[in-house]
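Below are some notes for a reader who is new to this structure.

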Amino acid sequence: MRLFIVCMVAGLTAGVGTGFAGLSAATVIAPMLIAFMGYPWYESVGIGLASDVLASAFSAYIYRKNGRVDVTNGIYMLISVLCMTVVGSYFSQYMPNLQMGYFSIIASVCMGVNFIIHPVRKENSLFVRGTPQFQKGLSVACGAVIGFYCGAMGVGGGMMMLFILTAILGYELKTAVGTSVFIMTFTALTGAVSHFYFGEISGYIPALLLCVLFTLVGAIASSSAANHMEPAKTGRATGATLVALGICMVFETIIAD
């Protein structure tokens, strides 16, 4: 019963974060499995990444149906992300995990507050106004940053993608989330396969299946709702989700310590 409750809460929360804000499910699921179930870090991240795959894929499909996925530039960013993830994975052994973890929490809360205060954003950046060649080049450069972050932190990089797509590339929020989950489908799949290949997952199959199921349910429900909401409401819902997840991560970190 304890496993069911933890996986349900973690999965649904992660799914809402994925559907509304394009966040990696591993960001939520891994810390909760570690804090409340005592699972090893490596296997917990693998379960979180595996939960990301279907949730992100279905969310991307829903956003794509509503014309909210930039496939053209997203492909270039995806290739760059996958290449730099390998590099980030190598350097992860030298990264200060605690400080990087706190950075993620603080960034999540700050982004959330910003979305609540300024829920509607216009596509007026240099990226949007640039030539196709410029857009592709900048997509590759930003993908390299995201990929390094993914590899170094061992997560899908959804929060970093949302920040770059909205703050730097100037995407409208729904397009940013749709493009983010599109890219994250492949990064999460790559990460999950590698974690299951090098790790020992056989003893954690029940947790894996439960997290995948509940994350998928939460992602489908939230992404469907997000695409039918007004831009201001979507922005505030995304902000509230980011702030709530940031607060949850703070408590999880305290409990884990």
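Contact here means heavy atoms within 4.5 Å. The notes that follow concern a predicted model.

1. Overall make-up. The protein chain has 11 helices and zero strands, and its pattern along the sequence reads α-α-α-α-α-α-α-α-α-α-α. It has 257 residues, of which 53% count as buried. Among contacts with a separation of 6 or more, 82% are between residues 24 or more positions apart.

2. Helix 1 against helix 3. Helix 1 covers residues 2-21, and its axis is 10 Å from that of helix 3, at an angle of about 30°. Angles under 35 degrees count as roughly parallel, so helix 1 is roughly parallel to helix 3. Their crossing is right-handed.

3. Residues between helix 1 and helix 3. From helix 1 come Thr-18, Gly-19 and Phe-20; from helix 3 they meet Asp-52, Ala-55, Ser-56, Ser-59 and Tyr-63. Sorted by class, this contact has three nonpolar, four polar and one charged residues.

4. Helix 3 against helix 10. Which angle do helix 3 and helix 10 make as they pack? The angle is about 25°, and the axes are 8 Å apart, with helix 10 running over residues 205-226. Helix 3 and helix 10 are therefore roughly parallel to each other. The crossing of this pair is right-handed.

5. Residues between helix 3 and helix 10. On the helix 3 side, the residues are Ile-47, Ala-50, Ser-51, Leu-54, Ala-55, Phe-58, Ser-59, Ile-62 and Tyr-63. On the helix 10 side, those in contact include Ala-207, Leu-208, Cys-211, Val-212, Thr-215 and Leu-216, and also Ala-219, Ile-220, Ser-223, Ser-224 and Ala-226. The contact of helix 3 with helix 10 holds 15 nonpolar residues, five polar ones and no charged ones. Ala-55, Ser-59 and Tyr-63 of helix 3 meet residues of helix 1 and also residues of helix 10.

6. The salt bridge. How many salt bridges does the count come to? The count is one salt bridge. The side chains of Arg-68 and Glu-172 form it, with 2.9 Å from N to O. Arg-68 is in the loop between helix 3 (41-65) and helix 4 (71-91), while Glu-172 is in the loop between helix 8 (158-168) and helix 9 (173-198), so the pair ties together parts that are 104 residues apart in sequence. Glu-172, at 15% relative accessibility, counts as buried.

7. Helix 8. This helix is mostly covered, with eight of its 11 residues buried. The buried residues are Gly-158, Met-159, Met-160, Met-161, Leu-162, Ile-164, Leu-165 and Thr-166. After helix 8 comes Gly-170, which has a positive phi near 75°.

8. Ser-180. Is Ser-180 buried or exposed? At 0% relative accessibility, Ser-180 counts as buried, because the cut-off is under 20%. Ser-180 belongs to helix 9. Leaving out residues up to four places away in sequence, Ser-180 touches Gly-22, Gly-158, Met-161 and Leu-165. Gly-158, Met-161 and Leu-165 are among the buried residues of helix 8.

9. His-195. This residue is also found in helix 9, and with a relative accessible area of 11% His-195 is buried. Which residues does His-195 touch, not counting those up to four places away in sequence? They are Tyr-42, Val-45, Gly-46 and Leu-49. The C-alpha atoms of His-195 and Ala-50 are separated by 9.3 Å, and the two residues are 145 residues apart along the chain.

10. Ser-80. Ser-80 is part of helix 4 and has a relative accessible area of 10%, which makes it buried. Apart from neighbours within four places in sequence, Ser-80 is in contact with Val-140, Gly-143 and Ala-144.

Conventions:
Residues are numbered from 1 along each chain as its sequence is written. This is a predicted model: local features need pLDDT of at least 70, side-chain atom pairs count only at pLDDT 80 or more; totals for chains, interfaces and linings use all residues. Side-chain values use heavy atoms; hydrogens and water are left out. A salt bridge is a side-chain nitrogen of Lys or Arg within 4 Å of a carboxyl oxygen of Asp or Glu. Helices (H or I, at least four residues) and strands (E, at least two) are DSSP runs, numbered from the N terminus. Buried means under 20% relative accessible area, exposed over 50%, partly exposed in between (1.4 Å probe, protein chains only). Axes are lines fitted to C-alpha atoms, for helices over the stretch in contact, and angles run from 0 to 180 degrees between N-to-C directions. Angles under 35 degrees count as roughly parallel, over 145 as roughly antiparallel, 65 to 115 as roughly perpendicular and the rest as oblique. A crossing is left-handed if the near helix is turned anticlockwise from the far one by less than a right angle, and right-handed if clockwise. Ala, Val, Leu, Ile, Met, Phe, Trp, Tyr, Cys and Pro count as nonpolar, Asp, Glu, Lys and Arg as charged, and the others, Gly among them, as polar.
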